[in-house]
Amino acid sequence: MSVSYCPKCGNTGVRLDGSVCDCQRPHDSVYSDIVGLDMPEQYQGVRFATMLVPVDCGDYYPRLLDNLHKQITTLQMENQNFVICSPPMHAKTVWVYSCLQNLFRQKVQVAPLWDVLELRRMMYSYDMGRMDTADYYDVKYLFLKIPAEVTHQVRTTIATIIDRRVRRGRCTFFIYNGTWGSLTYGDEAGILRGLQGDGSFSSLMVYNFKSKE
């Protein structure tokens, strides 16, 4: 049996510009069943695989992403909050959109991948009565990006959304392009450091990775 080779990515699944290669998309159309799911076109139909993950963060990193992906997409993850800290271009966004599409196909209510500041604006509008609904409180799993500039507002929003969603029995997951140390740098009030724990209740499980190269 011949093994197909992709000249665009060298069978790595990721092009030189960091985008997901077309070879990772199924050959038949997969877009018809994700109509209505708000996501960038280039991520539509993407499927997470450990082969997409760079190896410079060690063997545990891709295994962790794969294990979390399975727990989430089989709806086994319960009462957990965590943050994945790793360098940019290390498959975190692909991982999120793969989770979202798997959940969406199972008719599980999902919300788009927002960053924390976008969510902060929506939370403020809802609290001020300018929005009638707040789906981000009710979805079983919420995925959020932490922006590069981690301000006091970002930290307090993270703490607030975890607290409000925990009261509803929901899980919240964050991704961050950097280390836990850089994320908590300047956190003089200890807002984020005070959340670190095992991920249960209103604590935040921290998965921290950095390149060994």
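Here is a short tour of a predicted model, one selection at a time.

**Stop 1: the biggest core.** Start by selecting Ile72, Phe82, Trp95 and Phe143. These residues have the most contacts inside the largest nonpolar core, which has 34 residues. Now colour α1 (60-73), β1 (81-86), α2 (92-105), β3 (141-145) and β4, the elements that each give two or more residues to this core. Which element gives the most? That's α2, with seven residues.

**Stop 2: Phe143 up close.** Keep phenylalanine 143 and show what it touches beyond four places away in sequence: Ile72, Trp95, Val96, Cys99, Leu100, Leu103, Pro112, Leu113, Trp114 and Phe173.

**Stop 3: two helices crossing.** Next, select α3 (residues 116-127) and α5 (residues 152-166). They pack at an angle of about 65°, and their axes are 10 Å apart. The crossing is left-handed. On the α3 side, look for contact residues including Leu119, Arg120 and Met123; on the α5 side, Ile158 and Ile161 are among them. Sorted by class, this contact has seven nonpolar, four polar and three charged residues.

**Stop 4: a loop residue.** Finally, click on threonine 179, in the loop between β4 (171-177) and α6 (180-184). Is it buried, partly exposed or exposed? Threonine 179 has 25% relative accessibility, so it counts as partly exposed. Besides Phe209, threonine 179 touches Cys85, Asn208 and Lys210, leaving aside residues up to four places away in sequence.

Notes: Residues numbered from 1 in each chain as written. Predicted model: local features only at pLDDT ≥ 70, side-chain atom pairs only at ≥ 80, totals over all residues. Heavy atoms only, no water. Axes fitted to C-alpha atoms, helices over the stretch in contact; angles between N-to-C directions. Helix = DSSP H or I, 4+ residues; strand = E, 2+ residues; numbered from the N terminus. Left-handed = near helix turned anticlockwise from the far one by under 90°. Contact = heavy atoms within 4.5 Å. Nonpolar A, V, L, I, M, F, W, Y, C, P; charged D, E, K, R; others polar. Buried < 20%, exposed > 50% of the residue type's maximum accessible area, 1.4 Å probe, protein only. Core = buried A, V, L, I, M, F, W, Y, C linked by side-chain atoms within 4.5 Å.
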